[in-house]
Amino acid sequence: MSQTKQILIAEDDNFMRTLLEAQCRNLGMQTHAVPDGAEAVTEALSYQYDILLMDIQMPVCDGLTAMHMLRRLGYDRPIFAMSADDIEDNGFNQVLPKPVDIQLLASLLQQTPQHKSVDLVLDSELTKLFYQNLQQLSIEFNQALSTGQRETLRRICHKIKGGAASFGETTLAELAAKLQQQLLSDIPMDALKHSCQYFAEFIQQFGDRNA
């Protein structure tokens, strides 16, 4: 087992997400960050993380809903909530007031044991959440495409690729991976417009069919 603990951070605010990642890395943690509760559920159930640090107010799926879903699915690893409001819910191992006290967080992280990775177990509720998240990503992809935000398009492809692969949707994962590589290349956006439009239509129809 690795000597470095893995922490998953769910936070929708870009600045706070970046700050928390930097703070946790300074504490010797390996980090992965997601912007909403839906992605947090999918990532957490990969069972690659020792700790889940969860904001409460997030889009797509808020922190409380995500935590309850994980607990119903049998997820027993530590989930620390982050909130500026008072939260009374015994589903969380700890509630950290915002702004997060880094010394308190450091103490909690040090006290948390490492866990072995286990295989992801999917069920109908988690699968439904995946397709709901895909519909949201479809909207975001179209918005980014209309304004020519190449890096945002690439990040969305990366998210879709990982989620689709986890749920056995190989065609979707392969399309997302191919477009991601094209967006990373020197190919001009004008030349990629057709590929992006095709992918936008594909993920919208895919999400609508399976929602």
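Guide: Gladly. Let's begin with a definition: a polar contact is a pair of N or O atoms within 3.5 Å, where one must be able to donate a hydrogen and the other to accept it. Please keep in mind that this is a predicted model.

Visitor: With that cut-off in hand, which backbone nitrogen does a side-chain oxygen of D36 reach at the start of α2?

Guide: The backbone nitrogen of A38: the D36 oxygen comes to within 3.0 Å of it. D36 itself sits in the loop between β2 (30–34) and α2.

Visitor: Is D36 buried or exposed?

Guide: A residue counts as buried under 20% relative accessible area. D36 has 5%, so D36 is buried. Leaving aside residues up to four places away in sequence, D36 touches M58, P59, V60, C61 and N133.

Visitor: How many residues of α2 are buried?

Guide: Seven of the eight, which makes α2 mostly covered. The buried ones are G37, A38, E39, A40, V41, T42 and A44.

Visitor: At what angle does α2 pack on α5?

Guide: For a pair of helices, look at the angle and at the distance between the axes. Helix α2 (residues 37–44) and helix α5 (residues 124–146) pack at about 135°, and their axes are 10 Å apart. Angles over 145 degrees would count as roughly antiparallel, and 65 to 115 as roughly perpendicular. The two helices are therefore oblique to each other. The crossing of α2 past α5 is left-handed.

Visitor: Which residues make the contact?

Guide: From α2 they are A38, E39, V41 and T42, and from α5 they are L126, L129 and N133. Sorted by class, this contact has four nonpolar residues, two polar and one charged.

Visitor: With which side chain does the R154 side chain make a polar contact?

Guide: With that of E151, at 2.7 Å. Not counting residues up to four places away in sequence, R154 also touches Q180, L183 and L184.

Key. Residues numbered from 1 in each chain as written. Predicted model: local features only at pLDDT ≥ 70, side-chain atom pairs only at ≥ 80, totals over all residues. Heavy atoms only, no water. Axes fitted to C-alpha atoms, helices over the stretch in contact; angles between N-to-C directions. Helix = DSSP H or I, 4+ residues; strand = E, 2+ residues; numbered from the N terminus. Parallel < 35°, antiparallel > 145°, perpendicular 65-115°, else oblique. Left-handed = near helix turned anticlockwise from the far one by under 90°. Contact = heavy atoms within 4.5 Å. Nonpolar A, V, L, I, M, F, W, Y, C, P; charged D, E, K, R; others polar. Buried < 20%, exposed > 50% of the residue type's maximum accessible area, 1.4 Å probe, protein only.
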